[in-house]
Amino acid sequence: MKAKVHVTLKRGVLDPQGKAIEHALHTLGFAGVDNVRAGKVIELELKATDKDAARKEVEAMCSKLLANTVIEDYAIELA
């Protein structure tokens, strides 16, 4: 089973990387872009075959290592 974890900064947390991307896009002529937020995607290959068990395992990975839950949100996709 494959899992994708999308990690982004929580709303209200300053995102300097997003601001830098937004500025660069404006410099390149893409004026219609606002409020850019940067994040990361982590792909995992899991041996689990049960979706509920896999989701619980990935949740534990996120809370222990993959995301700083004080300032980051995460979303999990299983396939």
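**View 1. Val-5 and its neighbours.** Val-5 touches Lys-40, Val-41, Ile-42, Leu-44, Val-58, Cys-62, Leu-66, Tyr-74, Ala-75 and Ile-76, with residues up to four places away in sequence left out. Contact here means heavy atoms within 4.5 Å. The model is predicted: local features need pLDDT of at least 70, side-chain atom pairs count only at pLDDT 80 or more, and totals for chains, interfaces and linings use all residues. Residues are numbered from 1 along each chain as its sequence is written, and side-chain values use heavy atoms, with hydrogens and water left out.

**View 2. The largest nonpolar core.** This core holds 13 residues. Val-5, Leu-44, Leu-46 and Val-58 touch the most other members. Elements giving two or more residues to the core are β1 (2-9), β2 (39-45), α2 (51-66) and β3. Helix α2 supplies the largest share, four residues. A nonpolar core is a set of buried Ala, Val, Leu, Ile, Met, Phe, Trp, Tyr and Cys residues joined through side-chain atoms within 4.5 Å. Buried means under 20% relative accessible area, exposed over 50%, and partly exposed in between (1.4 Å probe, protein chains only). Helices (H or I, at least four residues) and strands (E, at least two) are DSSP runs, numbered from the N terminus.

**View 3. Glu-72 at strand β3.** Glu-72 lies in strand β3, residues 72-78. Glu-72 is buried yet has no salt bridge. The nearest side chain of opposite charge is Lys-40, 4.2 Å away. For charge, Lys and Arg count as positive and Asp and Glu as negative; His and the chain ends are not counted. A salt bridge needs a side-chain nitrogen of Lys or Arg within 4 Å of a carboxyl oxygen of Asp or Glu. The side chain of Glu-72 does reach the backbone nitrogen of Asn-68, at 2.7 Å. Beyond four places in sequence, Glu-72 touches Val-7, Thr-8, Leu-9, Lys-10, Lys-40, Leu-66 and Ala-67.

**View 4. Lys-40 in strand β2.** Lys-40 is found in strand β2. Lys-40 is partly exposed, because its relative accessible area is 41%. Its contacts, leaving out residues up to four places away in sequence, are Val-5, His-6, Val-7, Leu-66 and Glu-72. Glu-59 is 19 residues from Lys-40 in sequence; in space the two are 16 Å apart, C-alpha to C-alpha.

**View 5. The Glu-43 and Lys-4 salt bridge.** The whole structure has two salt bridges. One of them joins Glu-43 and Lys-4, with the closest N and O atoms 3.9 Å apart. This pair links distant parts of the chain: Glu-43 sits in strand β2 and Lys-4 in strand β1, 39 residues apart. Glu-43 counts as exposed, because its relative accessibility is 59%. Lys-4 counts as partly exposed at 35%. Side chains of opposite charge can pair when their charged atoms come close.

**View 6. The Glu-22 and Lys-19 salt bridge.** Glu-22 is placed in helix α1, residues 16-27. Its side chain meets that of Lys-19 in a salt bridge, 3.9 Å from N to O. The two residues are three apart in helix α1, so about one helical turn separates Glu-22 from Lys-19. Glu-22 is buried, because its relative accessible area is 11%. Lys-19 is partly exposed, with 46%.

View 7. Twelve residues make up α1. At 1.5 Å a residue, α1 should span 16 Å, and its end C-alpha atoms are 16 Å apart, which agrees. The expected span is 1.5 Å times one less than the number of residues. Just after α1, Gly-29 takes a positive phi of about 100°. Asn-35 is found in the loop between α1 and β2. Asn-35 is not a glycine, yet has a positive phi of about 55°. Asn-35 counts as exposed, because its relative accessibility is 62%.

**View 8. Glu-45 in strand β2.** Glu-45 lies in strand β2. Glu-45 is exposed, because its relative accessible area is 60%. Met-1 and Lys-2 touch Glu-45, not counting residues up to four places away in sequence. Phe-30 is 15 residues from Glu-45 along the chain; their C-alpha atoms are separated by 37 Å.

Note on methods:
A polar contact is a pair of N or O atoms within 3.5 Å; within protein, one must be able to donate a hydrogen and the other to accept it, and residues adjacent in sequence count only if both atoms are side-chain atoms.
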